[in-house]
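The sequence and structure are shown below.

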Amino acid sequence: NTPNSKTQKKVGVFLKKHIPGSRFIRESARELVFRFPPESETKFPELFDGLEKEAGFLGVTSYGVCDTSLEEVFLELAEEENDNKAILDENFSDNVPLPDHSKSEYKYLSRLSQIILLLHKRYVVQKRDIKGLFFKIVLPVLIIMAVLLVLLIDVPIEGSPIELTPQLFNTSGTGSSIGNNLIVTGSDFNISEQFISTLDGTYESVMLTSLKNLQTSQNVSEYLLNGFEGGEREFNFGSFIFGDIIKMILNINSTQIQELILPIIFQQEIDILDNITDTSAFLVALDEVLQDPNDFNIILDFVNQTETLFNFSFPDEFLQSLNDTIIDPNFNQTALELILSSIDIDQVEDEILNNLFNETEEIVIEGEGWTVSLTEEQIRSLSDSDNVTFHLNVEVPVSIMHNTSSSHSVAVFAQTYYDFLYKKCSVFSGSDLVAVNSPLPLTEQQSTEVRTILSIIASILLAIPFNYIPAAFAVFVVKERSCKSKHLQLVSGVDMLAYWLSTYIWDMILYFVLTILGMLGFLCFGEVSAVFTGTILSFLCTWSMMIGYGLSSLPFAYLLSRFFDSPPNAQISIMIIFFITGFVAVNSQLILSNLETTKDLAKTLEPLFRTWPAYNLGDGFLNLSSNFWETQIFDESRSPFRWEVCGRQLALLYGLSFPYFCWLMLLEYSSDGGSGGLFGRLLRLLRLTVHNAHNQLSGFKRVNADDIDEDVLEEEIRVNRDKHTLKAESPILIAELWKTYPAGNFISALLRQIASKICCCVKWKPDYPKVAVKNLSIHVENGETLGLLGINGAGKTTTMGILTGDITPTSGDAWIANHDVTGGESDGVRMSRQNCGFCPQTDPLLDLMTGRETLTMFGKLRGMPKDSLVQTVNRLLKSLTLSPHADKVSETYSGGNKRKLSLGIALIGNPKVLFIDEASSGMDPATRRKMWDLIADAAKNRAVILTTH
């Protein structure tokens, strides 16, 4: 029976009567504990006989005896030794009872009040998380600015200035070192030797070699080609031949006569037409003028000069017609053309040659190193297709041979020769002639093309920092869920929608600050970032896309975070997913859409890509860049907000935020037992239906065990028989509770079942589900403490999850304070949670909140009135002996103090039912004992279920 002071006194007197020195240790719910002195075992038979006879009088229903444990020995020594007083001082206080606020009436906060309180929670955590703030806001802005540095790159596409020297040819195209041997030869040995002596040592790693047996450029060419093909000669880039003799074949026809002879005949320039500057084109010009009379003034000038120069007279009719035409522009041009066509050009040419050879017998043509003599007979006998061939030996002072595989070789070796001439003339010893080839600057068009390419590269690279941002914001969500803080907040009364709205709002506030800093970063680059901020419209478009990206990417990141329990793994994985759906997708679409063979594939994939926020942002930046340069080049101004520019991307970025958030809420409502009202219950019912069908497909059948203990069987019979009565009287009632986890997935199980039905010869090995909770039936009354014992994986934590509404059972019923916690009745889970406190196996603490802030927040979530909350929190901290650490952040707590604070969260609000999962894990024996004493004190007027190994 429930012990009281009278019972304790009667039992104590009885025990001391039989075994003197018996000492009372503690009282726990329905249990009294006494300690016997050493060597009292011989008196046990007499004691047990007396207990059997007087059990009814003493109020004892059962009793037991055990040896003193090592833990008890440790505690005894700790109490006796003054040196260990510090250990006891840090443990729970025996003199401070738990605060009693059982008479306080409280109610859940409204959804708006919950959002405000949860926003305050995020503010408290964030103001201490400076490192997290840096990685969420500052680091992305720095990466954005680093990407924009691409726009400052001055790409020397035109190339850098090159000094023209033979040292350029010391390495091959593959980077390997090669020899640079220059041949110096020719018939003028004095000059060649002087060349070698003058330039010897001027150019590092350049060797000047004299080959006297090679006197012409033809000899050198044959020497190099024959030796190179046989592998006997080194690679050569240039040669110098002084006093070279070049064999030349000159073929002259009638057309070339005009170009070769006339410059000799006429030693002065004449201007016949605007496009004729020398007499070499005279006859050609005469043909053109007579056949195409366009400008009469030019024709007249031509006629006058022709008559003066060649002592030749045109017919009077022609001159009169020409004058009449000049005076009268309306003169019939057809008549003029008939007059002009009557002039015989051959006659004009014939008279010019007659006048020429009246003064000389032959014409001597002199070139540089060669001469040709032409007689009147040779010239008159030539037709357009006939040739006169001359074999000439042309003498030149120097020939420079160069390797045409290098575009700079001819200039390099010409400069080398000029350096030789300069050194010969210079009075300063050691002076050099240096030639530098500086490329022309880029044209405006080329410069625009380069800047366009850089802008496109920057637009693509901007996707990288934005891929990191959502992953950084998802870390807190994963951490809060993995440590059970989120679940404990839901148990404490937080509405699921309020939780996610507060998370979304807070993250968007931080993200909005990030966008402001990001835009300031754009502005810091001035005109360089004009693509994104050059005009008011482009500035607003860039900012709008950044804000829209946050609105849609954060819910998407929340969705992805559901697959992870480790914050670091979640951050890395989500970042990779955004990188693939953003940077990789944008580049893939860009490449596929520009290849003729893959354009159809690009169109097919585009609708899928459009569902990803990162892709829409990257594509928007690309379109913004393209629109800017199209405006610059074609001078066609288009608003960046137009649909074909960035309008579609903006619509998707803002529009996707709602479906992603709704999708998130659907999944959250379907997984948590107390969310979503009627809609959430329907979702969970649908999920449970699929779950049960999966169990059936896996061959699962519920079979009760045959070897059930007698007391367990009695409890099961009583629960099933008196279910309705116990539901109203007992704080905790569990009836035939099952929880299974099917193996594999529903689709594969269904396909296997269909295949086995169609083909009888196919036999699939059953893949049975895992049974976590098996037909559990029990009730716990006020003042009782039920311990769930078992190894890891026995289903203790799963049972706790079911009783707190975190896990939906496969079948069975569970009531907390007469409310269905399995979700079978409307508002049952919420009302059940209002009457229970939960201390999970992992500490549900936010590391950057103090113990006082944590208890105050959960007290407010429980709806405790402000006038009693502060006093209750202070008394609870004192009872938990956490007062010295009350204003320290919980990450500085020891493992034992964290468990104390976790227990305090479960106790705040005075719940009728207390669930404690592994309460004393990580504690030393003294602290563990005090923890059990505190739980025993809390269990006096509550129903308690705890788990341990």
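## Helix pair α20 and α27

Angles between N-to-C directions count as roughly parallel under 35 degrees, as roughly antiparallel over 145, as roughly perpendicular from 65 to 115, and as oblique for the rest. In this predicted model, helix α20 (residues 496–524) packs against helix α27 (residues 657–671) at an angle of about 140°, and their axes are 11 Å apart. The two helices are therefore oblique to each other, and their crossing is right-handed.

On the α20 side, the contact is made by M496, L497, W500, L501 and Y504. Helix α27 contributes S657, F661, L664, M665, E668 and Y669. By class, the residues of this contact comprise 9 nonpolar, 1 polar and 1 charged.

## Four-stranded sheet

Four strands form an open sheet in the order β12-β11-β14-β15, and their pairing is antiparallel. Strands β12 (770–780) and β15 (819–820) stand at the edges with a single partner strand each, so one side of each has no neighbour in the sheet.

Helix α29 (residues 710–721) packs on this sheet and touches β11 (732–741) and β12. The direction of α29 makes about 70° with that of β12. Elsewhere in the sheet, β14 (residues 811–816) pairs with β15 in the antiparallel sense over 2 bridges, and W815 stands opposite D820 in β15.

## Confidence

The average pLDDT of the protein is 79, and 75% of the residues score at least 70. Over residues 82–95 the pLDDT stays under 50, and the model gives this stretch 24 contacts beyond four places in sequence. Residues 264–283 also have a pLDDT below 50, with 45 contacts in the model beyond near neighbours in sequence.

Technical notes:
Residues numbered from 1 in each chain as written. Predicted model: local features only at pLDDT ≥ 70, side-chain atom pairs only at ≥ 80, totals over all residues. Heavy atoms only, no water. pLDDT = per-residue confidence, 0-100. Contact = heavy atoms within 4.5 Å. Pairing = 2+ DSSP bridges. Axes fitted to C-alpha atoms, helices over the stretch in contact; angles between N-to-C directions. Left-handed = near helix turned anticlockwise from the far one by under 90°. Nonpolar A, V, L, I, M, F, W, Y, C, P; charged D, E, K, R; others polar.
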